[in-house]
Amino acid sequence: MTGPTPRPNVAAIPAYVPGKPPTVRPGMTSYKLSSNENPYPPLPGVVEAAHRAVEVMNRYPDMGNSALYDALAARLGVPVTDLAAATGSVALIYQLLHAFCEPGDEVVHAWRSFEAYPIAITSAAATSVAVPVTADGRHDIDAMVDAITPRTRCVMVCTPNNPTGPSVTQAELDGLLARVPSDVLVVVDEAYVEFVRMDDAVDGLATYRDHPNVVLFRTFSKAYGLAGFRVGYAVAHEPVAAALRAVSLPFGVSGVAQAAAIASLDAEAALLERVDALVAERDRVQAGLAEAGWDVPSSQGNFVWFPLGERTPDFAVAADELGIVVRPFGAEGARVSIGEVEANDRLLELARAFPH
Ligand code: PMP
């Protein structure tokens, strides 16, 4: 007997592999450095706001996210009509592709980059066109432009790039935009933008203002430390933002998540101090790696990339033995998040001991 069959593209969807939780070993603290999370728990004011929202969880949340949009619009200096919030910025990737791609349309993106891209692209019955990053983990903008065909609907730019780390420069993005047809969407995924300290990096907000085909994706999961609440948002000109809102899941951002996100914007100064501390740790780790003789791409995110090839699984095992859980990607490399000072110290200890 044959049962219902999903569309053929569903069988082709690659699996999303979440970062492993820390290994439990008696007498040893283990640190999870496998999901680019923020090691700091939410601020007390954020927890209190979330608790207050729990008291009305018998009600559906505000489907229009109006208080969140007002807070974001004030913070970013954009009209509320140019915003779309969702259950994490990963949901916005899906929504964008569902709203804009016909089956077989092509989406150009760097690779390796955020693993959800090919998953979301295949889910939308579109075709993933993966353009290898350069040897130092950067987007190969010329190759990405060369990959554009009449079927291209969207080009995804991940800056800083997860998992390799470098940011795209504004000059590179300008060069791309000058050569992309104006009816092709250009996603600028800025999940880690708050960690960027490079002067010539992309200025997403300024770029979106001048380009109706540019969409920024941002998240409360990383710098704001709210990964478990699941809130991300897009900034785009109104027709694109309206399309994102039109295909959103009704009530996708819970009331608790909306309250936590708004409270985080209110507490932004304190949160950005934590980001500064994480950036200082990232720079300390990068300097320590260089001192230990490692040549890793220069990261602007809250993580570092070890291009280890075949030795990746060994590195992950050695890390686990030292009480840190890293994120191996096949036989390509391992990504390690910047975490607590003690966790970062263990990473440096591993880097000094592991042959390279
Ligand atoms: N974009 C990039 C580049 C990411 O690394 C992530 C999270 N790993 C996301 C988007 C999605 O974040 P979230 O859904 O938690 O907002």
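**The ligand site and backbone of a predicted model**

A polar side-chain atom of lysine 222 lies 3.2 Å from a nitrogen atom of the ligand, a polar contact being a pair of N or O atoms within 3.5 Å. The protein covers 93% of the 400 Å² of accessible area that the ligand has on its own, as computed by the Shrake-Rupley method with a 1.4 Å probe. This is a predicted model, in which local features need pLDDT of at least 70 and side-chain atom pairs count only at pLDDT 80 or more, while totals for chains, interfaces and linings use all residues. Residues are numbered from 1 along each chain as its sequence is written, and side-chain values use heavy atoms, with hydrogens and water left out.

One is 2.6 Å from an N or O atom in the side chain of threonine 219; at valine 90, a polar backbone atom is 3.1 Å from a ligand oxygen. Around the ligand there are 13 residues, of which Ser89, Asp189, Tyr192, Thr219 and Ser221 come nearest; a residue counts if one of its heavy atoms lies within 4 Å. By class, this shell has five nonpolar, five polar and three charged residues, where Asp, Glu, Lys and Arg count as charged, Ala, Val, Leu, Ile, Met, Phe, Trp, Tyr, Cys and Pro as nonpolar, and the others, Gly among them, as polar.

The backbone has several features of note. Most residues other than glycine have a negative phi, and most peptide bonds are trans. Here, a cis peptide bond joins threonine 159 and proline 160, with omega about -5°, and another cis bond, with omega about 15°, joins asparagine 162 and proline 163. Proline 160 is in the loop between β5 (152–158) and α7 (170–179), and proline 163 is also found between β5 and α7. These elements are DSSP runs numbered from the N terminus: helices (H or I) of at least four residues and strands (E) of at least two. Arginine 230, in the loop between β7 (214–219) and β8 (232–236), has a positive phi near 65°.

How values were computed:
Polar contact = N/O pair within 3.5 Å; in protein donor to acceptor, adjacent residues only side chain to side chain.
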